[in-house]
Amino acid sequence: MKKWVKIMDTDRTLNDILVNLFNDLMDIEDKCLITGEFRNISNNDMHVIEAVGIEEPRSMSEVAKMLNITTGTLTRSIDALVRKKYVERNRSEVDKRVVRLSLTEAGVRAYEHHARFHQNMIEDIKQQLSDGETRVLIATLGKLVAYFQEKYKEYLESK
């Protein structure tokens, strides 16, 4: 009986950690990123901006694939970000059917704001861990990501 209780406690603890971590990260990111100049966009918009990126313009299908969403869903987000002047749409000169997305100056500022948040978070976490603990954390989280991607592949691919 004691072994069963220990397993249940471990399962409950692991579940609580995963659920709380996910919820807390989303809430913290929302509260830290959607401030000041960026109050008119959502956390989701910030991730679309991140996917559009600051390199070469990307096609709608490339961005949708990166976000694991349909181009129809992305179109609604891009429409809003274009209206708010964070993203620009440009038709390809080579193939007029292809729409390329790029960030405006405001979009680049939002992208950099988001990147700084994540860089600071990583630096702060690493300060709390030894090099060995960091390696174990990376290996463990890598296994967790691989598990979810394999276990729920059909759901991820159906978007």
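At what angle do helix 3 and helix 4 pack, and how far apart are their axes? Some notes on that and a few other spots.

1. Ground rules: this is a predicted model, where local features need pLDDT of at least 70, side-chain atom pairs count only at pLDDT 80 or more, and totals for chains, interfaces and linings use all residues. Residues are numbered from 1 along each chain as its sequence is written, and side-chain values use heavy atoms, with hydrogens and water left out.

2. Helix 3 (residues 60–67) packs on helix 4 at about 105 degrees, axes 9 Å apart. Helices here are DSSP runs (H or I, at least four residues), numbered from the N terminus; axes are lines fitted to C-alpha atoms over the stretch in contact, with angles from 0 to 180 degrees between N-to-C directions. So helix 3 is roughly perpendicular to helix 4 (65 to 115 degrees by the cut-off). M60, S61, V63, A64 and L67 of helix 3 touch T71, L74, T75 and I78 of helix 4 (contact: heavy atoms within 4.5 Å). That contact has six nonpolar, three polar and no charged residues.

3. Helix 2 (residues 43–52) also meets helix 4 (residues 71–83): the axes come within 10 Å and cross at roughly 95 degrees. That makes helix 2 roughly perpendicular to helix 4. From helix 2, N44, D45, V48, I49 and V52 meet L74, S77, I78 and L81 of helix 4.

4. Have a look at the surface, where L14, L18, Y147, F148, Y152, Y155 and L156 make a nonpolar patch of about 650 Å² accessible area together. Patch members have over 30% relative accessible area and no salt bridge, with nonpolar side chains joined within 5 Å; areas are Shrake-Rupley with a 1.4 Å probe. Helix 1 (2–33), helix 6 (131–151) and helix 7 (153–157) each give two or more residues.

5. Salt bridges (Lys or Arg side-chain nitrogen within 4 Å of an Asp or Glu carboxyl oxygen) come to ten. One of them joins R12 and D9 at 3.2 Å, N to O; both lie in helix 1, three residues apart, about one turn.

Note on methods. Parallel < 35°, antiparallel > 145°, perpendicular 65-115°, else oblique. Patch = residues over 30% accessible without salt bridge, like charges linked within 9 Å, V, L, I, M, F, W, Y side chains within 5 Å. Nonpolar A, V, L, I, M, F, W, Y, C, P; charged D, E, K, R; others polar.
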